[in-house]
Structure formats: C-alpha cells, structure tokens
Number of protein chains: 2
Amino acid sequence: MSEATASTGIQLLALHGAPEIQPGDDLTRLIIESVAASGVVLESGDVLVVTQKVVSKAEGRLVDLATVEPSDLAQRFADRWKKDPRHVEVVLRESVRLVRMDRGIIISETRHGFVCANAGVDASNVAGDVACLLPLDPDGSAASLRAALMRRLGIDLAVIISDSFGRPWRNGITNVAIGVAGLAPLTDYRGQPDDFGRVMQVSVLAVADELASAAELISGKINRCPFVVVRGYPYERRDGRAAELVMDSNTDMFR
Amino acid sequence: MSEATASTGIQLLALHGAPEIQPGDDLTRLIIESVAASGVVLESGDVLVVTQKVVSKAEGRLVDLATVEPSDLAQRFADRWKKDPRHVEVVLRESVRLVRMDRGIIISETRHGFVCANAGVDASNVAGDVACLLPLDPDGSAASLRAALMRRLGIDLAVIISDSFGRPWRNGITNVAIGVAGLAPLTDYRGQPDDFGRVMQVSVLAVADELASAAELISGKINRCPFVVVRGYPYERRDGRAAELVMDSNTDMFR
C-alpha cells in the first residue's frame, strides 16, 4: 500500500511560450524560459519530455529538398505512389534497412535501430520545402540537455526525447522515447512475485515509452508545446538509454 | 494558446483499496468504493482506466487448466519450448489466426482482431492453475461499466479497459486500450493545418492507447491498483470503440 501511495498523483504539466526553434538555438535556455513563462518550478525527480522535432531543428537536422537529387528507386517509387521523390530519397538515405516498401509506405530501420515509417523523416511543422531528420544521437542529445539543465538548475531530473511512431496491427500513432537520460527506460518485474506469489514471466514495462505517450496527451500535434513535465512518477534513476528499447535482431520476429 | 492552456495540467489519480476481484463481482460498486476510499470525487470529463485483468475476473473469464486437454499441436509446441501444454492449448483456442508461432512465443489474432502475445491469455496475478482470458466483448464491458457509473454518479465520464501488449522491434510492453466507451479512441488531425499552414499528412493519434499507457504509470504491475483516473484531458466525447484501433487487414503490412 505504501508503494501505491507513493505513486499516487502523477501530474502532466505543459510548458508554454516556446518560440519556433531555429538551427543553433540553445534548447536549455529556451526550456528554462518556458518553465518561467509557465509558472512551473522544475523539481528533482521530474521527467522532462521534449519532442524530437525541436531537438532536430535546434541541431540543424534539416534538409532543403531543393538540394536533393532523387535516385532512380526513389523516383520510381514516388511516381507510382504520387509522393515527392526528393522526400523518398531522403528517407532512403536515412535508412540502414528496408522492412517494408509498398503502397507508398516505407517502414525502415534507422541508424539508431528504430523501425518506423519514413525512417523518422518528417515534413510537417517544418517551414518550406524542408525535411526534418531524427537527431544523429538522440540519447546523446538527451544526456547533454539533462546535464545542462542540472548544471543550471541544480536539480536531478530525467530527460526523454519523444517521437510519434505507428505500429503494426493498430491504427494511429503513439509517442515513444527515442532518447533517454537519467532514468531506466525499462522496468523489469521478471523474477518478482505477483500478488499471488507466482513469479511473473513477461513483465518488462517500457516505461519511457509510456512516459512519452502520457506527455503527448498534453503536447498534442497542433498546440505548440514541445516541452512537458511529468511529475510524481517514481522512476528508477540510472544512466539509461533509449537504445535499450531497441529489440535485438535475434529476438525480432518481424524483420 | 487558449487550446494549450486548456490542456495544461492532466492528473493521473490512483484509486486504492480494491479487493481481489472474484467472478460475479459488481465492478461498478467496487469502483465506487475505491473512489470513496481514495478520497477522490469523480468528475464529468474524467477518464476511468480499468485493467483488463479485473474485468476478466469479474466476468468469470477464467479457465481451470486442470480441465484442459491439450491438442497434439499444443503438446508438441509445449514440449519443444518447455511450456505448459494446457496453457498453449488455451491460447490456440482463443486465437482466430496465428501470426507467429516460434521460439516458445505465440503471436496471434484474437476474435476481437487484436494481435498480441498468447491471444491475451495470462497466468500472472491469477490464483492457482488458472488462465485468464480477455473479456468476450471489451467494448461492451466498457460501455456497461460507463452506463452504470453514469447512472449511479450522475456524471459523464469515459471508460477505457487496458491491457499490456508487446510490440515488434521494441523491448518491453506498454498498455493499450482494448475496450473504450464515451470517447474517440483516435484523434484525427489529417486535413488540419500545422503551425506552418501545411496540411498534415499522417497525424491520427491513438489517444486511447496513450491514455492507457499513462494510467499504467500509476497502476504498475505489482501495486494492486486496477483503477486509475485521468483528469483534465480534453477528449472528444462520442460513442467510440476500441475496435476502431484495430487495423484493417487490407492496410496491415505485417500479417
């Protein structure tokens, strides 16, 4: 019961006032300004969830499509499915393995090991004919952001960089963690007894993904709210990485 | 900005004091008692997330494994992967289609159209040699629960029945919605302009799954907390069903 009481009352807090992010922007400073503008005081134990899009923009992970020469494959696929061949080309360049390429949809593996649509390349909420790529090293981005925030604020918090991925078999996208710093992304209940003393078999929870999904309920797709604070979640503090969420190819049944 | 302000401050509230659920239990009464024991007052606009396990138990969706005669296929698969053949048999009986059956793992489609491990059949947190099946009609269960709560409490709330599913390519399980009543499980931003006036292409969010994941952060696997209230999320009120989350076989690239 004490454990349940400890977890009572998680809050999801929106940070407002974020400007449109430009390449080279200091995200740490913008977050601290958003915190102040929102009347929120960050506390040790908070989880700050930041959308991938602002991290990518600040890191300049943008490609001007006017500079992209589509390959023959990109051109043929685009012609067949009425896509922008330059966008298809960028997706192919960001992929290390194609899982499915059909019906105008490309599901591929990124250099990080994530399997997602279009290798995470996105054109929405980007000005002009520009494609936005995933951060080169989202775990590193999360760690840098966390270190800078801890240094400036003097508190111990965790950082998650989130992106919205589709899934097989279910309609709609949900937010997942593509970068993690300061928390264990997986909570492993294997080997612990359940309420009946039976040892649980498969109970590894992807809490970083659940935190990212929870934050999406606030950040939404249209509200310009790229920063969300999750307060009151008793996460395991350690040097975790989103890379731990990537399934090993040996156990992947859907290559 | 007004939209962002409206969504500020979602709360996740645990309801304590739920007893071990028995077949035939009146979940509505138990929820109202939990609400009272937790010092929470349910409000119109709340989303009540209930774990599948308690719904299944209350509905008597339990199978005594001592009564199960394994088929030859179940016996062979169990022998090969050191599983309980009676449990494998129950999984096969609950499946309408096998998606993968290898390495001791069965991924199959249930009669509801959900694709998940073991057809949702679970042995953890169940007393004795008993397997717990998914509710026959989780959307119906959610609708009944919602109607009874609205009648007794005089408020308009939404109900989600959640279960934890694995996913391809990512480690760990996350909670998703298998039953929905009173809210739109998908929020469709297609056709709406993004911050740059560009019409968004793929922005259908599975908010019911995100609500289920958020609730899992409180209910956990071990704390006996099967009821969680999500407060402050401005969901679209309508007669939604979790069946809307099931991908049509024509668009499913991972049959």
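How many bridges pair β4(A) and β5(A), and in which sense do they run? The two strands pair in the antiparallel sense, over 6 bridges. Some notes on that region and others follow.

1. **What you are looking at.** This is a predicted model, in which local features need pLDDT of at least 70 and side-chain atom pairs count only at pLDDT 80 or more, while totals for chains, interfaces and linings use all residues. Residues are numbered from 1 along each chain as its sequence is written, and chains are lettered from A and ligands numbered from 1 in the order in which they are written.

2. **Chain A overall.** Chain A holds 7 helices and 12 strands. Both kinds of element are DSSP runs numbered from the N terminus: helices are H or I with at least four residues, strands are E with at least two. Of the 255 residues in chain A, 49% are buried. Here buried means that 20 or more other C-beta atoms lie within 10 Å of the residue's own; exposed means 12 or fewer, partly exposed is in between, and C-beta atoms are placed from the backbone. Among contacts in chain A with a separation of 6 or more, 62% are between residues 24 or more positions apart. A contact needs C-beta atoms, placed from the backbone, within 7 Å of each other.

3. **Two domains in chain A.** Chain A is divided into domain 1 (2-55 + 135-245) and domain 2 (62-131); such bounds come from an automatic or database domain assignment. Their contact takes 8 residues from domain 1 of chain A and 8 residues from domain 2 of chain A. On the domain 1 side, the largest share, 3 residues, comes from β8(A). That side divides into 5 nonpolar, 1 polar and 2 charged residues. In this scheme Ala, Val, Leu, Ile, Met, Phe, Trp, Tyr, Cys and Pro count as nonpolar, Asp, Glu, Lys and Arg as charged, and the others, Gly among them, as polar.

4. Strand β8 (residues 158-167) of chain A runs antiparallel to β9(A), and 8 bridges join the two. Strands count as paired if DSSP finds at least two bridges between them. One facing pair is A:I160 and A:V180, the latter in β9(A). The two strands form a hairpin with 2 residues between them, and A:W169 in the turn has a positive phi of about 75°. Strand β9 (residues 170-181) of chain A is largely enclosed by the rest of the structure, because 11 of its 12 residues are buried.

5. **The three-stranded sheet of chain A.** Back to the opening question: β4(A) and β5(A) belong to an open sheet of 3 strands, ordered β4-β5-β6 with antiparallel pairing. At the edges are β4 and β6 (115-117) of chain A, each pairing on one side only. From one strand to the next the twist averages 25°; axes are lines fitted to C-alpha atoms, for helices over the stretch in contact, and angles run from 0 to 180 degrees between N-to-C directions. The bridge partner of A:R97 is A:E109, in β5(A).

6. A:R103 lies in the loop between β4 (95-102) and β5 (105-110) of chain A. Its phi is near 55°, a positive value in a residue other than glycine. Most residues other than glycine have a negative phi. A:R103 counts as exposed because it has 11 C-beta neighbours inside 10 Å.

7. A:D72 is found in helix α4 (residues 72-81) of chain A. With 8 other C-beta atoms within 10 Å, A:D72 is exposed. The C-alpha atoms of A:D72 and A:I155 are separated by 52 Å, and the two residues are 83 apart along the chain.

8. **Chain B.** An open sheet of 3 strands is present here, with the order β4-β5-β6 (chain B) and antiparallel pairing. In β5(B), B:I106 stands opposite B:M101. Helix α5(B) is mostly covered, with 8 of its 9 residues buried; among them are B:H87, B:V88 and B:L92. The buried residues of α5(B) pack against β3 (62-64), α4, β4, β5 and β7 (130-132) of chain B. In the loop between α4 (72-81) and α5 (85-93) of chain B sits B:K82, which counts as exposed with 7 C-beta neighbours inside 10 Å. B:K82 has a positive phi, near 55°.

Methods:
Two residues are in contact if their C-beta atoms, placed from the backbone, lie within 7 Å.
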